[in-house]
Amino acid sequence: VDLLRMNCELLATCSALGYLEGDTYHKEIDCLESVKDLIRYLRHEDDTRDVRQQLGAGQIVQNDLLPIIIQHGQDKALFDACIRLMVNLTQPAMLCFGKVPDDPVFRHHFLQVTSHLQAYKEAFASERVFGILSETLYTFLQLDWEQRQEEDNLLIERILLLVRNVLHVPADPSEEKKVDDDASVHDRLLWAIHMSGFDDLVKFLASAQSEQQWSMHVLEIISLMFRDQTPEALVSAGHARSVEEKLRDSQELEALRQREQAAKRSRTLQRGTRHSRFGGSYVVQGLKSIGDRDVIYHRNLHNFKNYSHDTGKEVRRVPKRNRQAKECKDKRRSALNVRLFLREFCVDFLENCYNHLMYLVKESLIREQTQQHDETYYLWALSFFMAFNRGNGFRADLVSETMSIRAFHFIERNITNYYEMMLTDRKEATSWSRRMHLALKAYQELLLTVNEMDRSQDESIRQSSNVIKSNIFYLMEYREIFLTLLRKFDETKQPHSYLKDLVESTHLFLRMLERFCKGRRNLMVQRKRVKRKKSHAEKNQSPPETSPEALEETWKIVEEELRATGFQLSESLTEGIVPFDATSETPLEEQRTEAMVRVQDALLTRLGPEALGLLRAARSVWPEGDVFGSADVEPEEELELLKQILHANLPRSSPPEPMVEDDDDGAELEEEELESVQVSETEFNFLDFVKRFASPNIVRPYLLLLKSYSKNTPHTNHCITRMLHRLAVDLKMDALLYQLSVFNVFNKILSDPAASAYKELVTFAKYVLNRFFSLAAQNNKAYVELLFWKNVGAVREMTEGYGKEGLEKKPTWTEEEEEELRKLYEEHCHSEVPDIVETLLPLLSNSNRTRRQVVTQLVRMGLVDNAKELKKQKIGTRIVLWTEEQEQELQMLFEEYKDSDGILHDVLGNILKKLTAKRSRARVVDKLLSMGLVSERRELYKKRSRKAQGKSSGKGMTEEEFLAELTQGSPDDSMDRDDEEDGEDESEESEAEEDEEQEKGESQNGIRRSQGMHSTVKRRADVGTMVNALQQEGMSGPLLWLQNCLNKTANDREEDGFSQPVPLVPLTEANEDAMDNKSFQKLLRKLGMRAPANEQESFWRIPAKISVSQLRNAAAALSSREDEPEGGVEQSEPRSPTGELREEQEEEEEVVSGEQRAQALRALLLARKRKHYTTEHSGMCGNSIIVALSYQMTPVNYSFIGKG
């Protein structure tokens, strides 16, 4: 009912407009109000665009609106309203519906609206219509800006939009079945524009400085005017055909004639000399049917060549997502008079408008003052008019605006963006592919113009061309764009024409690059490499120490310089040295350590006077404790103190990181900084660059284009052949083309009746086939290789021989190793270990075996049926329900640790350690939230207090605090690090679960290694072999240190009655080097020690699961065979490490032992208590302070093994 009432209202409104009598239109009194009512109705139409369809069916534009503006144009208000209404009625159907509807009903409405638009377009193809539009537009353009009203500017814009909408209407293929050179509706519309002078107004708008705001409208109108044209057709309009065109046409006709004659001969041969009324039946030997018998053929023999098992079968439907992309509609040749007028338009536009208009449009695009996808008009104009300029007597000054590096960069960026959007926006992949093709054609046209500039007779133009080529060949983005586009080509989204332009552009680029390299011996180009930076924990490591020889040489130079100056410093040096940073947030008293580091840096750079000046300035700022010497110190004592500072081990610590409430941004920034692009220069080699095209991913697109060789232009076939020639001949990688689909195309070319038209392809195909058959005579697997695409490695194997590199790398197992693996597997296969492979790995005599090698060998020996049986199991917590006792335990632990003090305030970490029933971090967090103990997850994040922050960074820690930390800290404290908790709640929860699983996995590894400890110690002969090898490498001291650590831990566990992981902290340089040695680490794994689990751990650990007896057995296994007591009785008491450490100290270098460090700390405390006795104890304090400070600045927490 509503629809019928709406129809009545529309009919009444349309009747109130007026009526057409002959050629005269009589408007009614309410004509203006009726037009406004129609605009109002259009504003409230439904999704089917019912109002628009009814007005189109009533032909209101043809019968009412156009006669009104032609005959009553003097009525400004009515004219303005009619233009507004026609702008609305002529807007594209795609804008009305958003896209081409998939629903059949809405698709019908879409087609109805399109048919009405096509009728409007035919009505607009009138000189009278465009005459009145041109006169109105001309009147407004004559007014200056001061005289124009806002309504005038709106009417100018509406006229331009109306012309744009009418030109945008697509052609009706069912109605316009016209041949070339015949006038279509679009041609008649263009002729009306030309005869009315509207095209001159368009050129004026494009060139006038005062009309810059219409630049995008003008460019849209121009692009739609030339929608069906090609630059080549316009250039040749009005000219006789050239010799090249005649030759090309004759070659095409000759190829067609040869094919026709060959088909005629084939039909003649198929017909026998006498007609047989009996088809006959034949047995085809060697060709099996569905069963085991040979095929029986029931047709004439002359058709047997076309026989196939697929004959008569239903054609398999190709899925929509796998179909080839559809081509855009073909270009057609317009009527001659239209082409001539468009040619003159192009000439005038290039001379007067192109540079100015393209500059304005480019600025609008860069400033994002345009609508979405408006850059496509810019790309089209660039490619079209630059191509026309090349064909019409090339002049570089006419296209100078778009002939720059900025244009290359703009197009390259758009190509990249379109490709990314084509992958992400899959529903609109076709549209993004078209835009990408447009950008590629613009890039191709830039290269063609640069190539044309090279052939110019003007020296300045050739120099400009060299500058542009130097830039595009230097930058990696422009060099590798074609490699990327070929590698990413997808025939389901990108049409055949795109591939053709891509292949031709690649050929042009390589030809220009090859020519550019020939004239230069050393061509330097830019190379970018993504470099992954080290993590934050790795950055904080202290720099490597200087060798003792270098330090001695440095000290000699510094000492001579100071003695030469008589220990006297200049006034400028004394006044300019400030030993502290007044702007730092670190308190002045806590900057003393930094001052010591600055003195050492000055000494290392051999600036003796500056180091002495810093020492004296620091002494005046920090006189307490005589850290920098006493007030009345002698010059010789200062010299000795500087020497001690130079040789002291003062590791640099990173500055403290400020506390941030919300660490999300900081974490994201840190992740972004982990990867950086390293830019460098390298010498360019053209052949090395061509080698990057030797890939199946790049050869496949060329083969796809080669399949349509008969439809390709001669230039396209030449581009394909030239690229394949580079790979097969220049790089000598013809085996890359040894593929069945390639040979199938070669066979079609060679058997083509018109093969004489493809001489280049025929010659190349014969060359590749001859090379293949020569190789097949030597390699009997060559025919099998035809089934596969081959990379460079496979090509080398196919031509040079198989398995030369692989045999050397393939691991072999001796009979003894296989027997050992069999016994170990049978021994542990019935045990309840979660991962038997992890249990077997440390027990094998060959410690270099990997997990994959062991699994493969077990399958090969038949001990297991499938490798999946030995797959690593993901260990996780499966406890979900909470009992009352567990909830009470959780609440008690939370109350205990929520107010705990320490460097790290980690409530959740402490709770997880103490929980009886182990659960994941996420489960505990959820339970704490549900119990109401915390209100949000952030309360459970690790936090570092500002006070503790300064201590952990090695700054501001007093000597008493440092001593207290050493004497009271537990071994587990060294595992706590300051790591930022970032991300949202979900990310924190997921990370927490991963951390928990990782911790559990590591504990399980510890269990496996401890279970394998008995067998390991029983095989002391293997451990003894490793110990002897390490002793021969000079690691007797570290082995003795490890043995003492094991015995000390065993004694402590026996006394305390409980076990906890104990870190192995190397305090000497020799021990540190040993911990980094791979052989020493293998020994640690053999003994069951646990490696650092993650970035929060720095030291190896003695697992808590290893018993006292196992520890002592492992310590006994470290003794050499000569030192073992007779009878196999193992030592129960550890040997004293004091004598051994002192021997190492005397033989290798001077190292501070544990007792000396304790004495130094006690001396430090005594010196602080006895400030007034500075004179007597100055020497001793200076020596002890250096040692104390060196340990104070070490960023890790030193914890001694055991309790000693």
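## Charges over rings

Start with Arg 849: its charged end sits over the ring of Trp 813, 4.0 Å from the ring centre. Keep in mind that this is a predicted model.

## Aromatic pairs

The count of aromatic pairs comes to 32. One of them joins Trp 380 and Phe 385, an edge-to-face pair with 5.9 Å between centres and 80 degrees between the planes. Trp 380 has 16% relative accessibility, so it counts as buried; Phe 385 is at 0%, so that residue is buried too. Both belong to a cluster linked by ring pairs, which also takes in Phe 226, Phe 345, Phe 349, Tyr 354 and Phe 384.

Then there's Phe 743 with Phe 746. Their ring centres are 6.4 Å apart and the planes sit at 25 degrees, so this pair is stacked. The two residues are 3 apart in helix α34 (residues 740-750), which means about one helical turn separates them.

## Two crossing helices

Helix α39 (residues 815-828) and helix α41 (residues 851-860) have axes that come within 11 Å and cross at roughly 85 degrees. Angles from 65 to 115 degrees count as roughly perpendicular, so that is the label for α39 against α41.

Who does the touching? On α39 the contact residues are Glu 818, Leu 821 and Tyr 825, and on α41 they are Val 854, Gln 857 and Leu 858. Sorted by class, this contact has 4 nonpolar residues, 1 polar and 1 charged.

How values were computed: Residues are numbered from 1 along each chain as its sequence is written. This is a predicted model: local features need pLDDT of at least 70, side-chain atom pairs count only at pLDDT 80 or more; totals for chains, interfaces and linings use all residues. Side-chain values use heavy atoms; hydrogens and water are left out. Axes are lines fitted to C-alpha atoms, for helices over the stretch in contact, and angles run from 0 to 180 degrees between N-to-C directions. Helices (H or I, at least four residues) and strands (E, at least two) are DSSP runs, numbered from the N terminus. Angles under 35 degrees count as roughly parallel, over 145 as roughly antiparallel, 65 to 115 as roughly perpendicular and the rest as oblique. Contact means heavy atoms within 4.5 Å. Ala, Val, Leu, Ile, Met, Phe, Trp, Tyr, Cys and Pro count as nonpolar, Asp, Glu, Lys and Arg as charged, and the others, Gly among them, as polar. Rings of Phe, Tyr and Trp (its six-membered ring) pair if their centres lie within 6.5 Å; planes under 30 degrees apart count as stacked, over 60 as edge-to-face and the rest as tilted. Buried means under 20% relative accessible area, exposed over 50%, partly exposed in between (1.4 Å probe, protein chains only). A charge sits over a ring if NZ of Lys or CZ of Arg is within 6 Å of the ring centre and within 35 degrees of the ring normal.
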